[in-house]
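Here is a short briefing on ring contacts and helix packing. Start with the structure itself.

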Amino acid sequence: MTTSDRAVVVLLCVWCLGASNSAWSQSSSAADGMVTAVTPVTPVMAATISPARLQAGRIAFLRCAACHSVTGDATSASVKVGPDLRGVIDAEAGRVAGFGYSAPMKKAASNGLRWDAATLKRWIENPAQIAPGTSMVYANSLGAEQIDALIGYLASL
Amino acid sequence: MTVSRRNLLKWAAASAVAAASGVRATTAPSPLDVIVIGAGLAGLNAALLLEDFGLRVRVLEASSRIGGRLYTLDDVAGKPEAGGNQIGTAYARTVDTANRLGLKLEPNARSPLLREERMVLYVGGKRYTLADWGNATDNPMPEMFRALPPDRVLSRLIGASPLASVAEWRDPKHAALDVPVTQLLETGGIGRAARELLQVTNGLGDTLAETSLLNLYYSQTNITEIIKIKGPTQNVVGGNQRLPEAMARALKGDVLMQQAVRAIDSTKDGVVVRCEDGSMHRARFVVCALPLPAMRRVAFTPALPVVHAEAVKQLAYGKVTQIHLEVTRPFWSDDGLAPYMWSDGPLERVFPQDSKGDGNPQSVIVWVNGAGCASWDALDDAALMARASAELAKVYPASKGALKFAKRVAWHRNGLAGGSWANWAPGQISRYAVALSVPSGRVHFAGEHTGHTFRGMEAAMESGERAASEILVRA
């Protein structure tokens with residue numbers, strides 16, 4: 001059990017779970033970043049997105065913003081739980097240098113996972129169907145139109 | 001969004017004065033977009049995010065304290081946390097909001113007194129080290145779990161969670177697991193003596209019969225997922241309550257204190273919120289971020305959908321009594337017995353409040369869960385302290401005269417909280433977990449019990465984010 005795992009255990013004991021378990025500390029293997037350089041992608045949707053749709057996308061991005069920056073600044077990987085998303089549309093998975101991707105995401109990336117709009121939509125609907133065991137803790141509550149707007153917003157950046 | 005761009009909070013007594021003295025006169029008297037009920041993390045996060053999108057928001061809080069179930073005991077030596085205690089690295093929203101508001105987080109101190117080898121077990125009136133307990137003839141646990149502290153055995157007995165991801169906990173396909181954990185234990189041949197120890201400090205039900213197997217698996221999966229994000233658990237420098245306080249200060253709109261909401265009337269055009277003091281507040285939407293026991297005192301017109309209303313009445317909440325005792329003499333130095341205990345007796349657990357991690361806690365906490373709270377609830381403070389002292393002296397003879405009563409916090413007796421957190425008794429996840437976060441007319445719901453992937457603080461933050469997102473789509 002690592003120090004952080006112990007700390008989590010204490011946390012849950014203290015907030016009354018009272019049932020902690022070293023089996024729970026089985027964690028994914030340490031991940032130190034990878035994978036390939038970022039390939040800039042021309043945001044094809046940027047030119048066509050309407051202001052209303054862009055706003056809908058910004059609102060949908062509320063569900064993402066705590067974990068993901070969109071600054072394109074590599075150092076942002078160190079301050080948020082998830083990787084930066086600027087330029088993610090049509091880029092290959094696992095592209096943010098220095099971000100600690102989970103083993104399942106590294107594997108999916110090495111198998112050629114690419115964030116085209118259709119794939120990203122499936123990911124948002126249920127990350128586990130693309131990379132079971134991913135460290136992205138998310139339960140989707142966005143409708144199909146909102147996801148489309150979100151992808152439009154990300155493409156516009 | 002930065003703190004500097006935001007107006008200072010007008011709260012407590014100052015709120016009425018500020019409003020009357022024209023502080024708000026510079027603000028156009030446009031109607032409110034959203035009334036947020038409850039100034040805990042859920043409500044405040046919703047309010048902040050709605051303001052980020054330009055909506056006009058007012059927060060109503062029934063108590064005279066910001067923070068809800070984040071509660072730093074500033075009046076107890078060492079400032080222990082009575083509520084939300086440790087901020088996991090995976091608590092992205094909590095951490096991000098603290099960062100945005102300029103608050104400093106620090107890794108939780110690791111007290112040398114909290115090492116497992118120093119743990120004191122007091123079972124059946126006898127004191128053991130963990131190593132001794134593993135070999136004790138009185139230890140009723142199954143052979144492979146005998147060496148564990150009794151409160152870690154239950155999650156091992158139930159085996160690995162069948163949930164593929166934490167998002168699945170509300171999925172109807174797992175309803176067959178939403179049964180009392182006792183069903184599994186009985187078929188697994190776990191004896192009565194072991195079952196009695198298993199339920200002493202189980203925090204997910206007053207008794208094992210009231211504990212849902214699905215809720216245990218949900219907790220297990222939740223932990224499995226959050227520890228994938230590496231890093232220490234943290235606390236806010238100066239106390240975790242500083243976070244909701246900073247969130248409230250960062251709001252442009254009012255945070256009105258001692259405004260206990262008693263009625264929410266929705267029409268197709270807007271919502272009227274009525275408070276106990278007769279005040280009325282109108283807005284286009286409401287975020288109700290009250291814990292369900294507090295929501296039981298709010299009349300909804302039109303009535304909530306049947307299942308939602310039933311959930312408000314029925315959902316189980318955790319019972320927790322904490323007795324905070326200030327240390328006047330470090331009694332553990334006398335005999336080496338650390339104030340870190342698990343017991344099947346009335347004290348249940350003792351933790352040192354060693355915020356510096358130097359082995360010199362300024363206070364210790366007696367922590368009682370579930371059904372065990374009842375015997376303490378009946379006592380006034382003097383009788384409670386007399387009993388606690390006498391019980392502690394049985395385990396720690398050197399503790400006589402070394403502890404001073406500081407504070408009792410009994411979350412289940414606090415009418416504005418009603419308990420530690422939603423406990424999801426058997427059948428309640430299947431019946432209520434989806435319904436509780438579905439908007440009803442112009443009223444949206446937040447609070448830790450409406451979190452979808454987390455528990456505790458991060459669930460509150462997640463729910464506020466979801467409620468804000470729902471309203472922004474409509475606004």
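**Rings, charges and a helix crossing**

B:R387 lies over the face of B:W376, 4.3 Å from the ring centre. The model is predicted. Over all chains, the structure holds 13 aromatic pairs.

**Charges over rings and a cluster in chain B**
- The charged end of B:R442 sits over the ring of B:F285, at 5.1 Å from its centre.
- One aromatic cluster is formed by B:W169, B:Y218 and B:W424.

**Helix packing in chain A**
- Helix α2 (residues 51-61) of chain A packs against helix α5 (residues 144-156) of chain A at an angle of about 100°, with the axes 7 Å apart.
- That angle makes α2(A) roughly perpendicular to α5(A).
- On the α2(A) side, the contact residues include A:L54, A:A56 and A:F61.
- On the α5(A) side, they include A:A149, A:L150 and A:Y153.
- By class, this contact of α2(A) with α5(A) has 8 nonpolar, 3 polar and 3 charged residues.

**Aromatic pairs in chain A**
- The ring centres of A:F61 and A:Y153 are 5.5 Å apart and the planes are at 50°, so the pair is tilted.
- This pair links distant parts of the chain: A:F61 is in helix α2 of chain A and A:Y153 is in helix α5 of chain A, 92 residues apart.
- A:F61 is buried, with a relative accessible area of 6%; A:Y153 is buried, with 10%.
- A:F99 and A:Y101 form an edge-to-face pair, 4.8 Å centre to centre with 75° between the planes.
- A:F99 counts as buried at 9% relative accessibility, and A:Y101 is buried with a relative accessible area of 7%.

Note on methods:
Residues numbered from 1 in each chain as written. Chains lettered and ligands numbered in written order. Predicted model: local features only at pLDDT ≥ 70, side-chain atom pairs only at ≥ 80, totals over all residues. Heavy atoms only, no water. Axes fitted to C-alpha atoms, helices over the stretch in contact; angles between N-to-C directions. Helix = DSSP H or I, 4+ residues; strand = E, 2+ residues; numbered from the N terminus. Parallel < 35°, antiparallel > 145°, perpendicular 65-115°, else oblique. Contact = heavy atoms within 4.5 Å. Nonpolar A, V, L, I, M, F, W, Y, C, P; charged D, E, K, R; others polar. Phe/Tyr/Trp six-rings, centres within 6.5 Å; stacked < 30°, edge-to-face > 60°. Buried < 20%, exposed > 50% of the residue type's maximum accessible area, 1.4 Å probe, protein only. Lys NZ or Arg CZ within 6 Å of the ring centre and 35° of its normal.
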